[in-house]
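These are my notebook entries on a structure that I had not examined before. I record what I looked up, entry by entry.

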Amino acid sequence: MVYDDQNIFARIIRNELPAIKIYEDDHVLAFMDIMPQAEGHTLVIPKSPAITLLDLAPEAAAYTIQIVQKVAKAMEQALEVKGIVLMQLSGAAAGQTVPHVHFHLIPSSIHELGKHALHMGDQEKIKVLAEKIKAAL
Ligand code: 5GP
């Protein structure tokens with residue numbers, strides 16, 4: 001499959017579409033999920049154009065997971081969550097809906113999680129949560 005550089009996350013990386021960002025550097029971006037599965041649901045993405053984890057260069061994967069950990073620690077501190085589910089769906093058959101590799105950080109218990117990308121979140125409420133996480137980074 002060929003990488004589609006018009007996918008939503010590629011456009012967010014290029015600032016063509018808005019996102020509630022909490023972390024950005026030259027290689028990775030973290031932002032709030034627009035349809036959160038739980039309060040504080042965050043996405044961490046490498047900027048390199050890979051569709052799934054399997055397409056991502058090992059160095060990019062290694063660096064991205066470092067930022068995943070950094071953001072998870074900030075979420076734990078800022079939101080006082082008890083547990084965080086790290087979810088990564090590779091391929092449409094696995095449930096991947098956006099064809100740019102991403103890691104979901106969901107403050108929750110695996111037993112409480114419903115289906116993802118189901119209901120649009122309250123974006124003002126999400127902005128408040130994003131500020132809290134940013135402050136803990
Ligand atoms: P996937 O199903 O590919 O693993 O997850 C894609 C995630 O991206 C879903 O949780 C969905 O809510 C989120 N999402 C889809 N479109 C947008 C968007 O335009 N902005 C943001 N911030 N998140 C999005």
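Which residues is His-102 in contact with, leaving aside its neighbours within four places in sequence? I found Phe-9, Leu-43, Val-44, Ile-45, Met-87, Gln-88 and Gln-96, where contact means heavy atoms within 4.5 Å.

**Entry 1, basis.** I note that this is a predicted model, in which local features need pLDDT of at least 70 and side-chain atom pairs count only at pLDDT 80 or more, while totals for chains, interfaces and linings use all residues. Residues are numbered from 1 along each chain as its sequence is written, and side-chain values use heavy atoms, with hydrogens and water left out.

I located His-102 in the loop between strand 4 (84-87) and strand 5; strands (E, at least two residues) and helices (H or I, at least four) are DSSP runs, numbered from the N terminus. His-102 is buried, with a relative accessible area of 4%; buried means under 20% relative accessible area, with a 1.4 Å probe and protein chains only. I then looked up its polar contacts, meaning pairs of N or O atoms within 3.5 Å; within protein, one must be able to donate a hydrogen and the other to accept it, and residues adjacent in sequence count only if both atoms are side-chain atoms. A polar side-chain atom of His-102 is 2.6 Å from the backbone oxygen of His-100. A polar atom of the His-102 side chain also lies 2.8 Å from an oxygen atom of the ligand.

A nitrogen atom of the ligand is 2.9 Å from a backbone N or O atom of Met-32. A polar backbone atom of Val-98 lies 3.0 Å from an oxygen atom of the ligand. The ligand alone exposes 520 Å², and the protein buries 92% of that, by the Shrake-Rupley method with a 1.4 Å probe.

The largest nonpolar core has 23 residues, and Ile-22, Met-32, Val-44, Val-71, Leu-105 and Ile-133 have the most contacts inside it. Such a core is a set of buried Ala, Val, Leu, Ile, Met, Phe, Trp, Tyr and Cys residues joined through side-chain atoms within 4.5 Å. Helix 2 gives the most to this core, with eight residues. I also found a second, separate core of eight residues, which includes Ile-13, Leu-29, Ile-45 and Val-98.

Methods: Buried means under 20% relative accessible area, exposed over 50%, partly exposed in between (1.4 Å probe, protein chains only).
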